[in-house]
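Please look over the sequence and the structure before reading on.

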Amino acid sequence: MSGLTYSQIDQTVLDTLRPASLRYWAVIVLMFFGILLGAGCWAYQIGVGIGVGGQSIPVAWGTYLINFVFWVGIAHSGTLISAILHLFRAAWRNPIARAAETMTVFAVCVAGLFPFIHLGRIWIVYYILPYPNDRNLWPNFQSPLVFDVIAISTYLMVSSLFWYTGMLPDLAIVRDRATGLRKRIFHILSLGWTGRFEEWRHYTRAYLFFAALATPLVISVHSVVSWDFALGIVPGWHSTIFAPYFVAGAIHSGLAMVLTLMIPMRTIFRYEVFITKDILDNIAKTIVFTGLIVGYAYAIEYFLAWYSHNIVEQESFRWRAAGEYSLAFWVMVICNSVVPLLFFIRKVRRSIPWLFGISILINIGMWSERFVIIIGGVAHDFMPNAWGTYSPTIIEYGVLVGSFCLFFFLFLLFVKHMPSVSMTEMKESVHKGVGHAL
Amino acid sequence: MLSEKQVIGLFKDENLAASAIESMAGCPWQLRGVNSPFPSERIMKAMKAGKSRVGHFTLAGGIIGFLSGVSLAAYTSLQWSLIVSGKPVVALIPYLIVGFEFTILFAVFGNIVGLITQTRLPEYRSVSTYDPRCSGEYFGVLASCAEGNQDALLAFFKEKGGEARFL
Amino acid sequence: MTVIFPVLALVGLGAFLFQVSGEHPEKAWQAYLVNFIFWSAVAQGGLLFSVVLHVTKARWGKPLQGLAESFAAFFPVSFVLFLVLFLGRAFVFPWLGGDLHGKEGWLTLPFLFSRDAAGLLILYGLGFAYLRHGQVLKRSGSEVSEDRREAVRSRMTVIAVLYIMAYALVLSLLAFDLVMSADPQWISTLFAPYGFVKAFYLGLGALIILASVLHLKSRGASSLTSSHFHDLGKLFFAFCLLWADFFYCQFLVIWYGNIPEETSYLIERTMTLPWSRLAWAVFILSFVIPFLILINKEVKTRPRFMIGLCSMVLVGIWLEHYLLLGPSLNPGADSIPISLSDVMIALGFLGLMAMAVRFALTRFPELIPVQRQEVK
Amino acid sequence: MVDLSRRHFIKILGLGSLAFAPGCDSRPEKNLFSYVQAPEDMVTGKATWYASTCRECPAGCGLLAKNKEGRVIKVEGNPLHPVNLGKLCMRGQAAVQGVYHPDRIRRPLLKQKDGWKALSFEEAETLLRSKIDEAVRKAENRVHLITEAVGQTLSNLFDEALKNWKSRPPHIFEPFAYEALKTANQKVFGVDGLASYKMEEADFLLSFGADFLETWLSPVEYGRKFKQSHAVHGRQKGFFAHVSPYQSLTGANADLWLSCNPDTEIVIGLGLLRGALQSGNRKSLPSDLTEALQDISSPFTKEKVVELSGVDPDLFARLIARLLKAAKPLVLGTGTGASGANNLRVNMAANLLNALLDPGLTLLDFAHRHSVEKAAKRSEAIALFEKLGHSPEGVLLLNNVNPVFSIPSSDAVAKVFKQDTLFTVSFANFMDETAQLANLIFPVSLPLETWDEYSGTTGIVSAVQPAMAGLTGSPRLGDLFLRLAHGGPAKNFQEYLSLRLSASGLLKDRMDWVHMLQEGGLFRNIPSEAPALQWISAEEVRSAFRRLSFPKPADFTFVAAPSLRFFDGRGANRPWLCEVPDPLTKVAWQSPVSIHPKTLREQGLKQGDVVELKSSWGTLEAPVYETQDTLPGVLVLSLGQGHELFGRYAEGMGVNPAKLLPPETEPLTGSPQFSTKLASLRATGRSIALAHTDGSRVQHGRKIAVSVDLAELGKEKKEKKGLGMWDFPLVLPLPEGYDKKRDVYPPHDHNTYRWAMVVDLDRCTGCNACAAACYAENNIGIVGPDRIREGREMAWLSIERYLDEETMKKVTFLPMLCQHCDNAPCESVCPVYAPHHSKEGLNNQIYNRCIGTRFCSQNCPYKVRRFNWFDWKWPKPLNLQLNPDVTVRSKGVMEKCSFCVQRIKEAHGRAKDEKRDIRDGEIQPACVQTCPTGALVFGNLMDPNSRARKKVDDARAYQVLGYLNTKPAVFYLKKVVQEI
């Protein structure tokens, strides 16, 4: 990377903004129809009733909340990479930070939809907001769901501001290289950034604070998500380890998603010069780490369920591994904490197909982890007479597909029309010499 | 006072730019500004810049956020004093979460406010008076001098190892 | 100066023996258990710093690694201390002979001691293996070929990773067996991670103290720059937050769940006298004060100040161990059972730790970061 | 009337009720007085109660109909009525759904080539009159009337009318006519009737299958009496043994279910006789009779009994011992649906045992006999149909009978309706299997809309009065007959009724009439003497028990069991009865066939598989239900469902087991045969998911439905200190229930009241009356089988059925409803305060505020919350039954038991008006009100003298999953079990 000159950097990135091919637009249109499908399913559900989904008593939460947690999880590594690694001055995050942040922002948008989709009476969702009203009714600030609302919206605002602020200098670069309409648009967007040293002086400081604030925020947000479950008393939910365990899991899935996105991107956009194998290697190593944490959490939960000699806990965990949903459970264990161990092997870490394949597996594994927890917990809890099972309906699958399409729709639009690698930060790393210290 | 002439010197290397800036002290021309493609400690040093004050905004925001978060939760729950799950009406333990999230949110707002007020962005005028190459690979040093000294200034920049031109 | 540590150790030993022979041997053993866990954690966490830096190939802390490694000298001591603990089994395991709610399978003395001893052996063994490779690298100068060094380094990395895993697992085991089991009907899944995060927090604190002391003694001879202290301080701050976070994670979930099997533990320790006082003390000493202070950047770079701050945090955590174990070991205590003898015994352990570290630093002077050593 | 706006409807109904209130003219004694207040001051929003009689089965319980704005919205038991003392079964609760049934026939229908032609009532009446006159003109005996069991008055009218028409008296057809029991009484006591039993006085109860908790004679009455003797008092508790090849709900409530091979009960009966005689201390009978008994019973040694009946020898031995030990034993005969060659002998044996063990038959009450005894035997019915089958032209009148459904396999019945010489008129309100074969369907007003009198037992007069104006405007059957038969002075049936009662000296003056209407009948000092007993002779005994024959044990014996929910099938079109699951199988809407696991294994079947059952008389397909409630080889399927017609809720639901039954009657008694051998049992290869509401059948060792052995009673230490599931103490949902050591939260106070409920598991028989009452009171949605399969049933109160984990036979019923916890986990997780803790301790659910996150349900350990997945439908006019005091929940809203908060509010209003506190027992939630055995008690915990508060101090009291520290306000008293 050190061989790069500043202008090469600019050029490589700006090349990605060239007018798109027909194939690209075809994909965009496809995604759009996917979104329509999801929206259609949702509309139908609103009209007929939430019962078109598979939820029931006892399993009153279905795929909607699974997807919610899944997407929030995806959203995490973005900020992790750009904020935490920035604090650690790990320069290897620079080439992927922008794309990761983008992923974060869009993933949060998608995630944010699901609690709404999940509601029985979406039309009065505003009851959950603290707005002044004549009857002086307010939300219940003791409810984990209200924590959620606050945390997720905070996270969305912060991460998008972080994202935009980080983009400012690059927007200016595009402005300076562009012509016509695009120039005018980027002229507005870049807020007249000219890289005066006064600007840099405050900018670097502000960016540091951003990172310093975003880091605890990431941790808190997924802790709050975990408390949607851990604060309940349902066996398999009510567990103190949930917060760190969910955070690790979130990063786990997020990093996997980063790989899933970066690997195609670097070939399509010829980013190999920036997104080198070393970087993928580093991501892979981090995945091993998070995978180990997640595995540790699984183990601890089982050990203490056995140790506790609480018959409800024991039955719940026995059933988790041997009951109706044992498949999901074993997929979860293998994909999340066994498969990633392959990354101990250097060859695997540096082979694109392996990286890509494993990243996909981890995404699947993390989805089923949420399934195991959210469905498995209540399906088999305190009252044996109330035990039941749940299986998603076609409507829910439609919404799921829609959510993926929405995400890729937004992401694809972004990478083709905005600088998807931070030129400024690249120049910095080139300037500093490739100092990848974590 | 005679009308001023503005000259911009462009340097490919930050050290040259920095030394130019440093040796500008005690010369008849004034430094008007420096543009760079990325933040450069070297130039910061040369400019003898103080510490940015953005942090104060951030901190203030954070404190306001925490207080408003907790007090919002407490105030609203006191409106009807409904008991849920036997928990105290004002339960500070869970309210810490609300407080925390508000802290971060407001701190970030403070941070943004700080950034905007300090850098005086957005302002689109200066875009016209700067060299687009500065967002590419050049460090631009903008200086102004009294009518007549401009050639000397040009020469100065050239001799410092950069290229220079009038604006 | 050189005699003070042995003296401390002897004082501690004396206090311990006096207590044991007195009418309150259980007090002595309680102090013994607390200090064993505490000082072992310091050593285990201390070495972890070096290991983590090695695994992440971080360069910023090179000169500190050596100091961190010096704590490993306490490993053998710690192991012996653990074996000695067997003598006090009657006093440190309140569940002996009690109703174990069906946990008899797990909570049996022979099994417990053998598994924990094995765990410690593995952990310490890995630690020393790591150090040996480190020595090879440090000692071997130009005469050893680069790829040879590379081989050693990669083997070292493997061992380092194993040490990290062992650290997590063995400290979890100790947390369950020596601390959580004191209240056999209580469980908390985060308790073990809480334990080893705390241990790293301790390790960092101790490391800062050691580094600062040497830095001050060496009068500028040391290669430690203020940025080293700054980074170390930041890390310390981060773990201060993480420790508090893990505490809150447990507290919130248990408080919200309101299941007596869990809450009773919390209530006794944090909401009823006398223990609630101790709880507040711990909370303030080890979180509130350091948090408020460490937000500031400058203080992190002032060794003298940091010595004070870190010592305070360490004292807080030391008290925290009393908070966790005390109520189970002193049922129905109407005052916090910490007396002068506890302090003396603690000083004794401090003496042992200090002797171990000094031994390491004198035996392997290259551990000490000084100018002549080219760093980074 | 079909699409009549509700408001308009109320208007005319208001008029209607006033119109009929003053009766027909100014005669004051004809004024209608309601139970609580006179209707002329009917205040909108205030309920008016009319005392009447339940006609859902021949038991004739007294009821109070709650009329609001002119329409009946709920029926409850009449506390003054001697039969049911204020209680009702689930079928009684569902009576209102007959009135408002969407498929109720509203106009007379005349059958024509091209289907039905609607007539006006006048046209229909004219037509009917002409047809009858025509028939009468032709010759004698041309008008035939087949009716259900009716009151004395109506039956008098029938007799008169038929006399005028020169025809034979009506034929009373009841599918359940207790032929065997009647014959046995006839033979042993010389009384051709059905005595009532003083079960409450018995300390030992032995039943040879009498299912008195489901359909037998008078279930509500016997449910109550049974528990009077069987519920634990101090350390005392009656013993109940049930002998039958399968375990009915009644059997499930027995301390001992002695399972015997089909049709071998007699062996046990005789074995017991033998034992009783051997003990020798019973010298109550004439010696020759005793000898005869000796002779017949002597062969039945223990070994013989065991060999023939396959009972557990040791259990049998202990049964004899227990029987002889008993001070006041009572032996009951076979059940409603019993059959088999030895049926009569079993009942005789039972009678003889009573005679032997209970000198003077103190527990048999012949003075108060069940009036269903009037019903003709099945054999007579068949004979009649055969006669009608080839009878000359005439008119056949059918009053509320459905023989085509009850006797599907009989050609005789089919033939009657095929031939066109008879002009068949059915006074049915629903298009059922029989009605659709009639030439004219002439709907008449239903019991809740009409004047009548029906007495379930002799010795009382139980009034039937209109609780609302006729919904369809149909005439009353009585009036119709008066007009048709143009006889007598009375100008309408109400008058006819009062005249008859005065004539028979039951009414002295008009105040008697008023009181009768107020109290719901005449229950005191009505002459009713027991007939003199004609004891059986030794000879008859010998002949009766000579040459006992036993059926070759068949591979598969099929039993059609009378249904608690549908009786003989007349309840099958009431959505509540379909929706509330069967208490033993927990299956709703469907009627699976219960098979023993062993048999299933042999046949390679599993639960849900659809099997084809073939007998010599028919074939049907039903899904399999795996259970140990039957013996291997005994297949049980409950009667009542499988209607081809009968309205949307009945059609195509379940199967009709009667199709497999032989039409021939049992020769000795003329009773129908409710069981038969199966020709074949074959898997169809298809399989369906049963709509059952239970997850696991056992409680996995958790503290949910707890029972205690009678011997252990009161022995276990009361003071518990621990924190675990089993040693956690009982904590009151009051400030004193908080302990600083256990509770993170501070205690909170309540305003004067802290509502709570106590459920005595020892009294709960699992009859589900409470569940039905809850549906009726709280506008709970009917979701149907598919939704139930998805786990979306809406029952606020459901009876959880837990099986004993070793035997998988012993059953414990646990009424589960919202526990109104003091620390309710559901509350704090809601983001909008929809559920929260009220000042009186209720766990409020604010429907308007609920946004449907469903977190509350997730976090409720008792899983008692129900969610409106869709908008549930109340097809018109079913919506008219909705209780105006209770919100109808829309889709997306969580709901659950509210302790009938509307009743609490009402009581508050009353107390406020009278400037007093609410009295203990003043508030009765619907479930508490109707529980036949008084298992539920509701009250204020803060009142130290309230019944509920006192019961909490019982040593048996515990809280379900109390160790979670939810502090439930529903307390359970452990079920007391005993081994024989």
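This is a predicted model: local features need pLDDT of at least 70, side-chain atom pairs count only at pLDDT 80 or more; totals for chains, interfaces and linings use all residues.

Helix 3 of chain D gives the most to the lining of the largest cavity, a contribution of three residues.

**The largest cavity**

- The volume of the largest cavity is about 800 Å³, and the count of cavities of 30 Å³ or more comes to 19.
- The largest cavity is lined by 44 residues, of which D:Arg55, D:Glu148, D:Asn400, D:Leu446 and D:Pro447 are the closest to its centre.
- Two or more residues of this lining come from each of helix 3 (95-99), helix 15 (403-406) and helix 17 (477-485) of chain D.
- When the residues lining the largest cavity are sorted by class, 21 are nonpolar, 14 are polar and nine are charged.

**The second largest cavity**

- The second largest cavity holds about 240 Å³ of space, and among the 19 residues that line it, the closest to its centre are C:Ile37, C:Leu171, C:Ala175, C:Gly195 and C:His321.
- In chain C, helix 2 (25-55), helix 7 (146-179), helix 8 (191-218) and helix 12 (303-329) each supply at least two residues of the lining of the second largest cavity, and helix 8 of chain C has the largest share, with seven residues.
- By class, the lining of the second largest cavity is made up of 14 nonpolar residues, four polar residues and one charged residue.

**Where chain A meets chain C**

- Chain A brings 30 residues to the contact, while chain C brings 42 residues.
- Between them, chain A and chain C bury about 3,000 Å², and 70% of this area is on carbon and sulfur atoms.
- On the chain A side, the residues that lose the most area to chain C are A:Thr240, A:Tyr296 and A:Tyr307, which together account for 24% of what that side buries.
- One salt bridge is counted between chain A and chain C; A:Arg89 forms a salt bridge with C:Asp231, in which the closest N and O atoms are 2.9 Å apart.
- Ten residue pairs are in polar contact between chain A and chain C, counting pairs in which both residues are at pLDDT 80 or more.
- Helix 7 (197-230), helix 8 (242-268) and helix 9 (277-308) of chain A each give at least two residues to the side that touches chain C, and helix 9 of chain A gives the most, with ten residues.
- By class, the side of chain A that touches chain C consists of 19 nonpolar, eight polar and three charged residues.

Conventions:
Residues are numbered from 1 along each chain as its sequence is written. Chains are lettered from A and ligands numbered from 1 in the order in which they are written. Side-chain values use heavy atoms; hydrogens and water are left out. Contact means heavy atoms within 4.5 Å. Buried area is the accessible area (1.4 Å probe) that two parts lose on being put together, summed over both. A salt bridge is a side-chain nitrogen of Lys or Arg within 4 Å of a carboxyl oxygen of Asp or Glu. A polar contact is a pair of N or O atoms within 3.5 Å; within protein, one must be able to donate a hydrogen and the other to accept it, and residues adjacent in sequence count only if both atoms are side-chain atoms. Helices (H or I, at least four residues) and strands (E, at least two) are DSSP runs, numbered from the N terminus. Ala, Val, Leu, Ile, Met, Phe, Trp, Tyr, Cys and Pro count as nonpolar, Asp, Glu, Lys and Arg as charged, and the others, Gly among them, as polar. On a 1 Å grid over the protein atoms alone, a cavity is a set of points where a 1.4 Å probe fits but cannot get out, and a pocket is an open set with protein on both sides within 12 Å along at least five of seven lines; lining residues have an atom within 4 Å of a point. Grid points are joined across faces, edges and corners, and a volume is the space filled by probe spheres set on the points.
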